[in-house]
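Subject: Handover of a structure and notes on its contents

Dear colleague,

Please find the structure below. I would be grateful if you would read the notes with the model open beside you.

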Amino acid sequence: MLEVQNVSKIYLDGSVCVEALREVNLSLGAECFSMLVGPSGSGKTTLLNLIGAIDTPSSGAISIAGHNITSLDDRRLTAFRAKHIGFIFQNFNLLPMLSAHENVEYALLGTDLSAAQRRARTAETLEAVGLTQHAHHRPNQMSGGQRQRVAVARALVKRPSIVLADEPTANLDSAMGASMVRLMREMQAQYRTTFIFSTHDPELMRHADQLIFIRDGRVELGATAREGSTP
C-alpha cells in the first residue's frame, strides 16, 4: 500500500538548511493500522505531509497503491489526493456554518457521484460512526468527541486508500481518546483502509498493528505493538 524510498526533506531557514527527514525508508501493507511515535520536532508531521501529498520530498520517492506520487504534476497530484487520501486533524477543521451531514458531504464535492449518491454515502458513513441523530447539528451544537467523529466520517466518506491523522486525540481526554482510536479501528476493519497517525500517548500505542519510531528525522524502528515494543 505504501512505499517510502530514501526520502529526505530539507527546509531553508534563512541561510540555514534544516534536514527534517533523512533518507527514510518505510513499507506498509494494505489495511494496516500504524502509529508514528517520536518527540516533538522528530519529523512525524513532515512525514505525514509528504505521504499525504501536501508537501513534496527533497529527494526520494513515495508510492501509494502502486502510484508514484512524487512523479505526478500538480493537477494529477491534487486529483490523486482527493480520491485516495483522507485526513483527520486534531482541531477537527470542520466548517462551522455547515451541519455534520454537510461537512461530511463536502468531501465528496467534485467526485463523479450524483447528488443522491453523495447524500446516501454521507448518511451511511455518519451511521457507521454513530452520528445519525446528530446529522443536522452544527459543530457548536456537538461535543468534542462528536466533532471528532464527524472528522473521521469526513475522512472516510471518499473510501480512500489511506487515512492520515496528526495527533488526532491530542485535544481529547484519555477516555475519549481511547474511544476514538477504537472507532478508527472499527472503521479501518469495515472499510479496509490503511491508517497512519502520530501520537505521543503510550496508552494508545497498544492499539497499533505497527509502531514506527522517528527521531531526528530518521525512522529508527518498525515493530508490531503486539511484540510489546516501547519507544
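Predicted model: local features only at pLDDT ≥ 70, side-chain atom pairs only at ≥ 80, totals over all residues.

Residues are numbered from 1 along each chain as its sequence is written, and side-chain values use heavy atoms, with hydrogens and water left out.

Glu 3 belongs to strand β1, residues 2-13; helices (H or I, at least four residues) and strands (E, at least two) are DSSP runs, numbered from the N terminus. Its relative accessible area is 35%, so Glu 3 is partly exposed (buried means under 20%, exposed over 50%, partly exposed in between, with a 1.4 Å probe and protein chains only). Beyond its neighbours within four places in sequence, Glu 3 is in contact (heavy atoms within 4.5 Å) with Leu 26, Ser 27, Ala 61, Ile 62 and Ser 63. The side chains of Glu 3 and Ser 27 are joined by a polar contact of 2.7 Å (a pair of N or O atoms within 3.5 Å; within protein, one must be able to donate a hydrogen and the other to accept it, and residues adjacent in sequence count only if both atoms are side-chain atoms).

Gln 188 lies in helix α6, residues 174-191. Gln 188 counts as buried because its relative accessibility is 6%. Leaving aside neighbours within four places in sequence, its contacts include Glu 31, Phe 33 and Asp 209.

On a 1 Å grid over the protein atoms alone, a cavity is a set of points where a 1.4 Å probe fits but cannot get out, and a pocket is an open set with protein on both sides within 12 Å along at least five of seven lines; lining residues have an atom within 4 Å of a point. Grid points are joined across faces, edges and corners, and a volume is the space filled by probe spheres set on the points.

The largest pocket holds about 610 Å³ of space. Its lining has 25 residues, with Ala 82, Ala 107, Leu 108, Thr 111 and Lys 158 nearest the centre. Helix α2 gives the most to this lining, with 5 residues.

The largest cavity has a volume of about 50 Å³. Among the residues lining this cavity are Leu 50, Asp 55, Ile 62 and Leu 77.

Yours sincerely
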